Amino acid sequence: MTQSRKTTLRLKDAPEAPASEKPTARQRTGARARQAARQALARQAAAGSGSASAPVASAPTGPTRPATQATVRQRPATGRPVPARRDRPATAVQQHRPAHVQDTFKAFAPCPQGLEHSLAQELQGLGLAAVTAGRAGCHFEARWQDLLRANLHSRLATRILMQVAQAPVHTEDDILSLARATPWEHWFGPEHSLRVDTSAIHSPMRSLQYCNLRAKDGICDRLREREGARPDIDTVRPDARVHLFLDAHQATLYIDLSGESLFKRGWRLDKGAAPLRENLAAGLLILSGWPGDAPLLDPFCGSGTVLIEAAWMALGVPPGIWRPFAFERLRNHDHRLWRDLKDDARSHIMTRLEQPMVGADHDPAAIEAARANLQRAHLAPDSIRFEVCDVREVLPPADRGWIVTNPPYGERLGVADADALWAGWSRWLKQHYAGWQLNIISDDMGLPGRLRLKARRRHPLYNGALECRLFQFDLNPDAYRAERPQNHTA
Ligand SMILES: C[S@@+](CC[C@H](N)C(=O)[O-])C[C@H]1O[C@@H](n2cnc3c(N)ncnc32)[C@H](O)[C@@H]1O
């Protein structure tokens, strides 16, 4: 790879509003855009570095009883008269005034473990109240429109759950009673399909499957009593999703406002070998302190997740602008409010930034997938340069910058290959990348030793179920460890 000059970032197609949703505000370009990007990223970086300077999630400790999950399965046809969805009268829907949308709701936003404090800062930045970081997520309070904004703007949350009921429970029947007493008809009814999920930490209940069934029965009983029919169960593409969470003493019922996980931004087609989830990629960028207008390199880029996420962050593209949400299917969805929120978000998107963003991977298929994803993410082909190249030959695209990367983990590499890779890359980094910030997520706790580098920080976080660290290095001679002596044979 040759030394590059400055690359121009261009958002090829700004997210278009449907004909009925004409964007009203102008888009920023040029110097003002760059300044706004720097300010936005500085805020995000401040959120990240703030959490980086204090131990974030203390090393995650597993619960004595692991969180478990159960899902209601499709029930066989019962022969009960359930009105066909299209035939059902609209009157039931119309008689519910959207008074509930003026309330303040308690809510919970799950996120990858290790990003809780960064998420708390992100939610505070969105103006949400009473934000507290918990285990693998944050509690907060919000008005209805702020719950929609959180869905649209959060880069770190996995979903947004709105609390609708909470009470102490001792038996499975208490769950039935709680579900029956909850006013589901404000949100959905027999014209919707339903899915219920249950998770628990330290719950004394014996069967989560049965708890799940009780919650579902309570919901269906209530709707049948009030509206003459119950929702169908659809575990694949439900209109309404309810989460039951059980802890040692109580049950909490949530309506899932997101639907598909928020890390699904809507652009991924080519998955690559082991793609990072987009919200974890955003978390790595925030924790790395990348300021948004600095050169960025991912030399193990795979399908391009880190760089595409970075481009959206730098341009201020709201991560939810192109995807659907579960709340859009609920009763009394306020189309005008949602359109206004999206119009406002669109007005802050920048179309042009200037900084080199470079991805490399030795696998041509991965680079092909990254380029396809770039296009699907509405980014111009030249906004991120993707190249087929071995990591030990990737030259820096600028004198200073950030590497944020997710190399292959131990079990994917043979030991001999791994030794050669880390030793060779270490020499290459020391030779060519003085002055760069190196950020690597890995489950290999011995990685700094293998790279002969001293880590400035090791941030605990989880990639799915895998316990990892984000290792952070300043690439300067103070961080270099002596090379291991070579083995000599006589
Ligand atoms: C864990 S995957 C990265 C996934 C990526 N973050 C994504 O979201 O798609 C690691 C990548 O490193 C690449 N890789 C492995 N050895 C390499 C080498 N020596 N030089 C360059 N790339 C390499 C693999 O082809 C693979 O795509």
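The protein chain exposes about 21,800 Å², of which carbon and sulfur atoms supply 49%; accessible areas were computed by the Shrake-Rupley method with a 1.4 Å probe, and for residues only the protein chains shown count as cover. The model is predicted, so local features need pLDDT of at least 70 and side-chain atom pairs count only at pLDDT 80 or more, while totals for chains, interfaces and linings use all residues. Residues are numbered from 1 along each chain as its sequence is written, and side-chain values use heavy atoms, with hydrogens and water left out.

The secondary structure of the protein chain comprises 12 helices and 18 strands, taken as DSSP runs (H or I of at least four residues for helices, E of at least two for strands) and numbered from the N terminus. Of the 490 residues, 54% count as buried (under 20% relative accessible area; exposed is over 50% and partly exposed in between, with a 1.4 Å probe and protein chains only). Among contacts (heavy atoms within 4.5 Å) with a separation of 6 or more, 82% join residues 24 or more positions apart.

Two packed helices are described by the angle between their axes and the distance between the axes. Axes are lines fitted to C-alpha atoms, for helices over the stretch in contact, and angles run from 0 to 180 degrees between N-to-C directions. Helix H7 (residues 278-288) and helix H8 (305-315) pack at about 70°, with axes 9 Å apart. H7 and H8 are therefore roughly perpendicular (65 to 115 degrees; under 35 counts as roughly parallel, over 145 as roughly antiparallel and the rest as oblique). The crossing of H7 and H8 is right-handed, meaning that the near helix is turned clockwise from the far one by less than a right angle, whereas anticlockwise is left-handed. Glu-278, Ala-281, Ala-282, Leu-285 and Ile-286 of H7 meet Thr-305, Val-306, Glu-309, Ala-310 and Met-313 of H8. These residues divide into 7 nonpolar, 1 polar and 2 charged (Ala, Val, Leu, Ile, Met, Phe, Trp, Tyr, Cys and Pro are nonpolar, Asp, Glu, Lys and Arg charged, and the others, Gly among them, polar).

The axes of helix H4 (residues 144-153) and helix H9 (residues 335-347) come within 11 Å and cross at roughly 45°; H4 and H9 are therefore oblique to each other. H4 passes H9 in a right-handed crossing. On H4 the contact involves Trp-144, Gln-145, Leu-148, Arg-149, Leu-152 and His-153, and on H9 Leu-337, Trp-338, Leu-341, Lys-342 and Ala-345. By class, 7 residues of this contact are nonpolar, 2 polar and 2 charged.

Glu-328 lies in the loop between H8 and H9 and is partly exposed, with a relative accessible area of 28%. Not counting residues up to four places away in sequence, Glu-328 touches Arg-323, His-333 and Trp-338. Glu-328 and Asp-239 are 89 residues apart in sequence, with a C-alpha to C-alpha distance of 9.2 Å.

Phe-108, in strand S3 (residues 104-110), is buried, with a relative accessible area of 14%. Beyond neighbours within four places in sequence, the contacts of Phe-108 include Arg-135, Cys-138, Phe-140, Ile-160 and Tyr-254. Phe-108 and Ile-160 are separated by 52 residues in sequence and by 6.2 Å in space, C-alpha to C-alpha. In helix H3 (residues 116-125), the buried residues include Glu-116, Leu-119 and Leu-123. Just after H3, Gly-127 takes a positive phi of about 85°.
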